[in-house]
Amino acid sequence: MSKQDTLNLIEKDRKQLHPVYHPKSHIDPLVIERGEGVWLYTSDGQKILDGMAGLWNVNVGYGNEELARAAYEQMKQLAFTSNFAGMTNLPSILLADKLASFAYEGLNTTFFASGGSEANDSAFKTARYYWKRKGKPGKYKVIARKGAYHGVTLAATFATGLEKYHTMFGPAIDGFVHISAPNPYRFDGKLEPNETIGHAAAGLLEAAILREGADTVAAFIAEPVMGVGGVIIPPDDYFPLIRNICDKYEILFIADEVITGFGRTGEWFALKHWGVKPDILSFAKGITSGYAQLGGIQLSDSIRETIESASESEAWMHGYTYSGHATACAVGLKNIEIMEREDFPSRAKILGKRLLDGLQTLKEFSFVGDVRGLGLVCGVEIVSNKEDRTPDPGMAMRIFKAAQAHGLRSRPLGNTLAFAPPLAITEDEVDEIVKRLGASMDGIKI
Ligand SMILES: Cc1ncc(COP(=O)(O)O)c(C=O)c1O
């Protein structure tokens, strides 16, 4: 395509609003024409290593024929049918059955949505429903964490702990409370002598429950590894303590595994790293590797029972046109089959360590403050001063742009550059990420 054709397309592109739109963030967009493995090809001939797997989701990589075929075959057979009362379809039956057998033990019931925001909205409504059915209608609040990203439906917006997502959409929905997350590099809570950050951060949940009143709190929601908030890996003691606190005060624990689910961190689901089980699991993204729009929640048997035993007037009146979408579910099934066959969670573990080790070498740069990761999700935090760890989002943006000029796509999240490449990445391609990022940093004048 000629340069002029691309410019014409970019002009036409102004007819659509892009996500989290500001004109300054959408100057000169890349027009992506094609993808193969970890590589993206633009209309003006650039070849880019997609270090973000799209938006943390293209786990099997681009151009996967098996997934394309699964969608084609299912669309020919039955693209869509309503999954509302009295009807169902084969792919959604098989996918729900599959999820029950390999996600968390005791979470045997799936409800399908089309993405992560809808999944979390469904989780919040289901938590409220559960407590009403249990005779405790006062339990409706959700405790979430500062820095969390849970999506952009109205409820997910106010569960999200990033204020810029709230500013122009207030007033806030009642009942969302935020506490600090355990950020080992810059925890902002108070530590007692010999206390771990995990313990102190879990204590913040208990304090918030006591402050709000346990009889008003329905659920706690957390991403096992915080993504958009800066790729924050929790200390090992945090989630086991959180689980105990939720049990102690009868609070449902919602794990938002929209990023971390389906192998990204080296386990099929990330709370398994710490031997912890949620009551509700939110999933999306990696379930189809982005080849179709699918998300959902998995529910504990106890929650299922409250829905199953309700009278007609107390039915769980929730569902989307695309719940259990036949084509999306067929793609999800095939995607899981591929990921199991190729043992992608193990690949994420092994190649994630290689990526983390490589990125650690960049700490020699004066502005690389912290490098962290779990499986194939890593963060490189940029600071203006290593001593006092002053965040430097401006420098992070400069490095992001330099990396893009070197044919490497990352994502600047404040002062952290995120890397979450397809799990299908090879060893050489992992090394290429480190090489290109290093070259980009090398070229920057301070
Ligand atoms: C942890 C988490 N939850 C929820 C969402 C929202 O998902 P979606 O954009 O599919 O609605 C995202 C999206 O990035 C996410 O990272």
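## About the model

The structure is predicted: local features need pLDDT of at least 70, side-chain atom pairs count only at pLDDT 80 or more, and totals for chains, interfaces and linings use all residues. Residues are numbered from 1 along each chain as its sequence is written.

## Two domains

The protein chain splits into domain 1 (3-60 + 343-442) and domain 2 (80-341). These bounds come from an automatic or database domain assignment. The C-alpha centres of the two domains lie 27 Å apart. Their contact takes 27 residues from domain 1 and 23 residues from domain 2. Two residues are in contact if their C-beta atoms, placed from the backbone, lie within 7 Å.

Look at the side of domain 1 that touches domain 2. Elements that each supply at least two residues there include α2 (53-56), α11 (344-360) and β11 (368-373). Helices (H or I, at least four residues) and strands (E, at least two) are DSSP runs, numbered from the N terminus. α11 gives the most to this side, with 5 residues. By class, this side has 14 nonpolar, 8 polar and 5 charged residues. Here Ala, Val, Leu, Ile, Met, Phe, Trp, Tyr, Cys and Pro count as nonpolar, Asp, Glu, Lys and Arg as charged, and the others, Gly among them, as polar.

## The core

In soluble globular proteins, nonpolar side chains tend to be buried together. The largest nonpolar core in this model has 128 residues. Such a core is a set of buried Ala, Val, Leu, Ile, Met, Phe, Trp, Tyr and Cys residues joined through C-beta atoms within 7 Å. A residue is buried if 20 or more other C-beta atoms lie within 10 Å of its own, exposed if 12 or fewer, and partly exposed in between; C-beta atoms are placed from the backbone.

Ala-127, Phe-220 and Ile-254 have the most contacts inside this core. The largest share, 8 residues, comes from helix α10 (residues 326-341). Domain 1 and domain 2 both give residues to this core, so it lies between them. Beyond four places away in sequence, Ile-254 touches residues including Ala-127, Phe-220 and Pro-278.

## The ligand shell

The ligand is surrounded by 16 residues. A residue counts as near if its C-beta atom, placed from the backbone, lies within 6 Å. Among the closest are Gly-115, Gly-116 and Ser-117. Helix α5 (residues 116-133) gives the most to the shell, with 3 residues. By class, the shell has 6 nonpolar, 8 polar and 2 charged residues.

## Strands

β11 and β12 run antiparallel, joined by 5 bridges. Strands pair if DSSP finds at least two bridges between them. Val-368 stands opposite Ile-382 in β12. The two strands form a hairpin with 4 residues between them. In β11, 6 of the 6 residues are buried, so it is largely enclosed by the rest of the structure.

Elsewhere, 4 strands form an open sheet in the order β1-β2-β3-β14, with mixed pairing. The edge strands are β1 (32-36) and β14 (408-409). β3 (residues 47-50) and β14 pair in the parallel sense over 2 bridges.

Most residues other than glycine have a negative phi, and most peptide bonds are trans. Where does this chain depart from that? A cis peptide bond joins Gly-170 and Pro-171. Lys-285 has a positive phi of about 30 degrees. Lys-285 is buried, with 28 other C-beta atoms within 10 Å. Arg-389 has a positive phi of about 60 degrees. Arg-389 is partly exposed, with 15 other C-beta atoms within 10 Å.
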